[in-house]
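Please read the following points with the sequence and the model side by side. They are meant as a guide for a first reading.

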Amino acid sequence: MDSTANPVRVELFVRSLCPGDATQQQNYLIDRLQALEDAGYIEDLSILIWGRRIEPRLAQRTAEGRHLLERLSMFEQWERDSDASLAAFDWEHPLTNMVSDESVSVITLPTLALAEYVDDDLTHVAPCTRDGTVHRVTDRVNRLADTADLADELEHERTVVQ
């Protein structure tokens, strides 16, 4: 398959230090996405590790933190533009430090998230809810795989007809 015909780029965000079931799901999704990339159905796959929460003020101090905050800002914009809900992302809320009683603003991140880009435009974020339907990361990866399967079937039909 010529990946330039469908230049899909995917970023998969996975939480480090997850329980066993979540780690198995992460490994399964990584394997599926890597197979799609190897077959040319995904132009580029990036796997990024994140934690449970991010404190924006502190994150601004590192390149990795600024990159993640940039992505989260893009996700928020996509949420507004697409009339979807990214409820799995708990946008900035206060968290009190038990030692100092100081309150900081944090963003709680989901265990898994997927961002899909076409020609550098963010086209989908999972998990999300749209029109009452929840779209999980697994659902989106399955849809990418189904699209690849359909493309294979069409290619096979063209080959048989010729």
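**Notes on the model**

1. Among contacts in the chain (heavy atoms within 4.5 Å) between residues at least 6 apart in sequence, 63% join residues at least 24 apart. The model is predicted, so local features need pLDDT of at least 70 and side-chain atom pairs count only at pLDDT 80 or more, while totals for chains, interfaces and linings use all residues. Residues are numbered from 1 along each chain as its sequence is written, and side-chain values use heavy atoms, with hydrogens and water left out.

2. The chain holds 4 helices and 9 strands; these are DSSP runs numbered from the N terminus, with helices being H or I of at least four residues and strands being E of at least two. Their order along the sequence is β-α-β-β-α-α-β-β-β-β-β-β-α.

3. Of the 162 residues in the chain, 38% are counted as buried. Buried means under 20% relative accessible area, exposed means over 50%, and partly exposed lies in between (1.4 Å probe, protein chains only). The accessible surface of the chain is about 9700 Å², and 49% of this belongs to carbon and sulfur atoms. Accessible areas come from the Shrake-Rupley method with a 1.4 Å probe, and for residues only the protein chains shown count as cover.

4. Is Thr-108 buried or exposed? Thr-108 lies in strand S5, residues 103-108, and is buried because its relative accessible area is 16%. Leaving aside neighbours within four places in sequence, the residues in contact with Thr-108 are Arg-52, Arg-53, Ala-88, Phe-89, Asp-90 and His-93.

5. Asp-83, in the loop between helix H3 (63-82) and strand S4 (90-96), has a phi near 60°, a positive value in a residue other than glycine. Asp-83 is exposed, since its relative accessible area is 65%. Asp-131, in the loop between S8 and strand S9 (133-135), has a positive phi of about 50° although it is not a glycine. Asp-131 is exposed, with a relative accessible area of 73%.

6. Which peptide bond is cis, with omega near 5°? It is the bond from Ala-126 to Pro-127. Pro-127 is placed in the loop between S7 and strand S8 (128-130).
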